[in-house]
Amino acid sequence: MNVIGYVRVSTSGQAKDGYSLAYQQDEIRSYCQEQGWNLQDIFTDEGISGAKVDEDALEVDRIGFQSMLAALATRDYDAVVVLNTSRLWQSDIVKVLVHREFKKYGVDVKSIEQPTYSIHKKDPSDFLINGLMELLDQYQRLEIALKLGRGRNKKAQQGGYAGGRAAFGYKARKGQKAIEVNDKQAQAVKRLFDIREQNSNWSLSEIAFQLNQEGFTTQQGKQFTKVQVKRILDRKALYEGQYQYGGITATGLHQAIL
């Protein structure tokens, strides 16, 4: 069985209580040797609380612990060996985060001082842990969506490209602050509005027929229909230089077609 070790002390007092880094490392090496386990590495955190959490990222805020997770992501391990589970967590929220990460990588916890412990063992507290993990995952998804929404709204308020499919006549390129004119499509947009202005009594179908007669095509290379004509007409403000996103309207950073 391939395993890695983890040791942690939060205060100098723990060294006096028999939890020094060296003591933990020696115990882990001896225990793995007795069990016949293949100990690959031991990761260390010194002077860090077992309850410390990065509240923004919602993750365990320890360099050694994060390095251990990086190792778990690159190799196939079966378990993380610790002297005591208190070395991994000292609060319920950290326990939830640790369980979530370990289950993601398919590893269990082997505690020298708690030989029967397993993150997969069913007991009443599992209902709380599993419920909290589900709530945590849902919270993070909502938080990410909210942050993305704020970012898009800010871009839109500045007249920049806020995401989504670019309107006919424009193209969106990754990393660009504004949509760019698609020259071929822009000619069709200009001609459509010219036809509309010159023939104000024409129906949408008649405008579409005229565009098709003149050889213009849609984004997919097909003939125009009244639906596509209406969609372009409804976006006149965009083609005149206004940018609209949701309920936001601002002077666009993009080049006007009309």
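**View 1. Helix α6 against helix α8.** The axes of α6 (residues 183-198) and α8 (residues 226-234) sit 11 Å apart at about 90°, so the two helices are roughly perpendicular (65 to 115 degrees). Helices are DSSP runs of H or I, at least four residues, and strands are E runs of at least two, numbered from the N terminus. Axes are lines fitted to C-alpha atoms over the stretch in contact, with angles from 0 to 180 degrees between N-to-C directions.

The model is predicted, with local features needing pLDDT of at least 70 and side-chain atom pairs 80 or more, while totals for chains, interfaces and linings use all residues. Residues count from 1 along each chain as its sequence is written, and side-chain values use heavy atoms, leaving out hydrogens and water.

**View 2. Helix α3 alongside helix α4.** Here α3 (residues 63-74) packs on α4 (residues 92-105) at about 20°, axes 10 Å apart, so the pair is roughly parallel (under 35 degrees). Phe65, Met68, Leu69, Leu72 and Ala73 of α3 touch Val98, Glu101, Phe102 and Tyr105 of α4.

View 3. Strands β9 (residues 242-245) and β10 (residues 248-251) run antiparallel, joined by 4 bridges (pairing takes at least two DSSP bridges). Tyrosine 245 faces isoleucine 248 of β10. With 2 residues between the strands, the hairpin has glycine 246 at a positive phi near 65°.

Key
Angles under 35 degrees count as roughly parallel, over 145 as roughly antiparallel, 65 to 115 as roughly perpendicular and the rest as oblique. Contact means heavy atoms within 4.5 Å.
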